[in-house]
Amino acid sequence: MVAHNTALALIQLGAVIFGLGLLGRVAARIGMSPIPLYLIGGLIFGTGGLIELQAADDFIHLASEIGVVLLLLLLGLEYSASELVTGMRRSWAAGLVDVVLNATPGVVVALVLGWGLAGAIAMAGVTYISSSGIIAKVLNDLGRLGNRETPTVLSILVFEDLVMAGYLPVLTAVLAGAGFMAGMKTLGIALLAITVVLVIALRYGRYVSMIVDSEDREIFLLKLLGSALLVAGVASAVQVSAAVGAFLLGIAISDSTAHAATKILEPLRDLFAALFFVLFGLSTDPSSIPPVLGWALLLAVVTIATKIGTGWWAAKRAGASRYGRARAGTALVAHGEFSIVIAGLAVAYGAVPDEFAAMATTYVLLMAIAGPVAARVVEPLLVWWDRKRVPAG
Amino acid sequence: MNVEVTPLPGIGVRKEFSVARGRRRIGIIDHKDGSIDLILSKSDNPDVTEQIPLSAHEAAVLANLLGAPQLVAQLREEHREFDGVTTRQLQIRKGSPFDGRPLRDTEMRTRTKTSIVAVMRAGNPIPSPGPEFLFTAGDLLIVVGTTQGLDAAAAILTDG
């Protein structure tokens with residue numbers, strides 16, 4: 001019986017992973033992020049979908065937890081502590097505008113739909129956080145890394161990622177049903193942890209790197225993965241959120257060790273994160289999407305406008321031209337992995353109604369597709385518009 | 001020269017400077033993963049850049065192409081204290097009699113008293129080429145000698 005179960009689990013898992021590979025290929029062919037397709041894949045196979053997977057469920061659950069840890073660990077590895085500090089200094093004003101403009105629509109919609117405090121805080125995060133992964137790729141694909149407005153866009157992303165480190169612990173506390181004081185306490189612990197890690201990383205980053213570093217690939221991988229899961233587990237035990245623990249560890253690892261770590265962990269992250277997106281799709285009932293579709297569309301339209309507004313304002317302060325402002329604004333539109341991480345947390349705690357998952361999925365699908373498209377079409381559109389207004393000759 | 005260094009968090013570092021003639025910026029993006037982009041701002045719009053991804057090898061070749069005249073200038077500078085010795089950059093052109101033949105066939109040292117101190121091939125410097133070194137069209141030769149010797153060397157490389 002046990003052997004039979006194992007066989008079934010392997011077959012299901014294999015089918016899922018192979019299917020993801022095919023979807024990823026489709027995404028690469030049309031030049032988009034695979035995340036929306038993974039979500040759709042999950043929708044098809046999950047509750048109320050075509051086929052239900054049960055044998056591989058336990059593994060996918062744990063794997064998706066590891067996926068979140070790896071997503072945040074690699075995010076942390078991308079930044080050095082000094083980049084975070086200077087990025088923060090340069091972008092705090094734009095960062096605040098970003099928070100206010102883009103979290104508010106999520107909060108309003110959650111409150112209107114009666115999802116309560118937990119739902120409102122979770123939705124705030126979902127609509128606020130842009131996808132640094134998709135955006136960095138789009139900027140590179142469109143050859144905009146040398147443009148004047150690009151540092152502005154990137155420093156807003158840095159600010160967002162740092163806000164995540166303060167936001168996730170609060171969200172976890174609220175979702176767990178802890179009161180205001182307990183929430184404040186976790187936030188305090190988290191902020192303290194961030195400060196300590198930043199100081200350690202700035203002063204003693206090389207010692208942290210030395211501990212995990214190794215010439216041997218196998219030992220290096222084991223030490224990295226082990227320390228990431230340990231830190232994430234401990235952080236989770238003190239209610240600071242596993243993801244934040246991993247993020248902070250990533251920041252503390254620096255220089256060539258960070259580079260080597262990224263290289264060695266990237267395939268693992270892609271695998272586990274893909275399973276995470278699928279699980280989120282799996283646990284969303286496709287039949288719950290149509291009722292929230294209108295709201296998701298509205299939310300998408302509003303936050304596309306507010307994200308463009310944020311980028312426009314920030315780029316204007318940095319002295320960019322009108323086209324530069326438009327490019328900066330549309331670059332920020334894409335949402336992706338972190339919106340789903342937040343929604344995934346909310347769903348896992350069961351503190352939000354079923355429509356929440358449907359709303360988050362639909363919204364991220366829309367924004368993950370709209371972002372890269374908007375970034376590509378804005379300039380030709382603006383040029384066309386200017387020509388029309390001032391006829392040649 | 002004021003090289004502007006801008007950190008691009010999560011991506012790498014951008015290093016660029018303004019070109020004196022023509023309101024343009026030129027520079028590179030040094031990616032964290034080691035790859036390099038050449039960037040050049042567009043002439044009609046200094047905010048937008050052309051981004052040309054280079055492999056490590058291509059970047060090295062470009063650096064050497066830019067560096068070859070530098071090398072000649074440096075050698076010339078070093079030889080200045082020896083009266084009458086100078087350095088020149090000569091090319092094996094298409095149709096040169098030495099295209100595909102070894103260095104020894106030129107009998108350069110005997111005939112002109114000059115010496116070939118380096119060859120730049122496809123942007124890569126090959127120092128002190130031996131007598132069996134095979135020339136190919138496009139090779140840039142860094143040759144040291146007297147002015148008359150260098151003139152003679154240039155004539156030999158073209159006409160044999």
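View 1. The cut-offs are under 20% relative accessible area for buried, over 50% for exposed, and partly exposed in between (1.4 Å probe, protein chains only). This is a predicted model: local features need pLDDT of at least 70, side-chain atom pairs count only at pLDDT 80 or more, and totals for chains, interfaces and linings use all residues. Residues are numbered from 1 along each chain as its sequence is written, chains are lettered from A and ligands numbered from 1 in the order in which they are written, and side-chain values use heavy atoms, without hydrogens and water.

Helices (H or I, at least four residues) and strands (E, at least two) are DSSP runs, numbered from the N terminus. B:Lys15 is partly exposed, at a relative accessible area of 31%. Elsewhere, salt bridges with shared partners join A:Asp98, A:Glu160 and A:Lys307 into one network.

**View 2. A:Arg327 forms salt bridges with A:Glu149 and A:Glu379****.** By the rule, 16 salt bridges are found over all chains. In one of them, the closest N and O atoms of A:Arg327 and A:Glu149 are 2.8 Å apart. A:Arg327 lies in helix α13 of chain A and A:Glu149 in the loop between α6 and α7 of chain A, so the pair ties together parts 178 residues apart in sequence. A:Arg327 is buried at 1% relative accessibility. A:Glu149 is buried too, with a relative accessible area of 3%.

The side chains of A:Glu379 and A:Arg327 also meet in a salt bridge (2.7 Å, N to O). This pair links distant parts of the chain: A:Glu379 in helix α15 of chain A and A:Arg327 in helix α13 of chain A, 52 residues apart. A:Glu379 is partly exposed, with a relative accessible area of 21%.

**View 3. Helix α13 of chain A is mostly covered****.** Eight of the ten residues of α13 (residues 322-331) are buried. Among them are A:Gly324, A:Arg325, A:Arg327 and A:Thr330. The buried residues of α13(A) pack against α6, α7, α12 (289-317) and α15 (354-389) of chain A, together with β5 (45-54) of chain B.

**View 4. Chain A meets chain B****.** In contact (heavy atoms within 4.5 Å) are 22 residues of chain A and 19 residues of chain B. The buried area is about 1,800 Å², with 51% from carbon and sulfur atoms. In chain A, A:Leu145, A:Gly146 and A:Arg148 lose the most area to chain B, together 33% of what that side buries. Buried area is the accessible area (1.4 Å probe) that two parts lose on being put together, summed over both.

The rule finds two salt bridges across this interface. One joins A:Arg148 to B:Asp47, the closest N and O atoms being 3.6 Å apart. Helices α4 (81-112), α6 (132-141) and α7 (150-175) of chain A each supply at least two residues of the side that touches chain B.

**View 5. A:Phe277 sits in the largest nonpolar core****.** Of the 103 residues in this core, A:Leu72, A:Phe277 and A:Phe356 touch the most other members. Helix α11 (residues 255-282) of chain A gives the largest share, 14 residues. A nonpolar core is a set of buried Ala, Val, Leu, Ile, Met, Phe, Trp, Tyr and Cys residues joined through side-chain atoms within 4.5 Å. Leaving aside neighbours within four places in sequence, A:Phe277 contacts A:Ile35, A:Tyr38, A:Leu39, A:Leu71, A:Glu337 and A:Ile340.

**View 6. A:Ser339 is buried in helix α14 of chain A****.** Helix α14 spans residues 337-349. The relative accessibility of A:Ser339 is 0%. A:Ser339 touches A:Val126, A:Ile129 and A:Val364, not counting residues up to four places away in sequence.

Definitions and conventions. A salt bridge is a side-chain nitrogen of Lys or Arg within 4 Å of a carboxyl oxygen of Asp or Glu.
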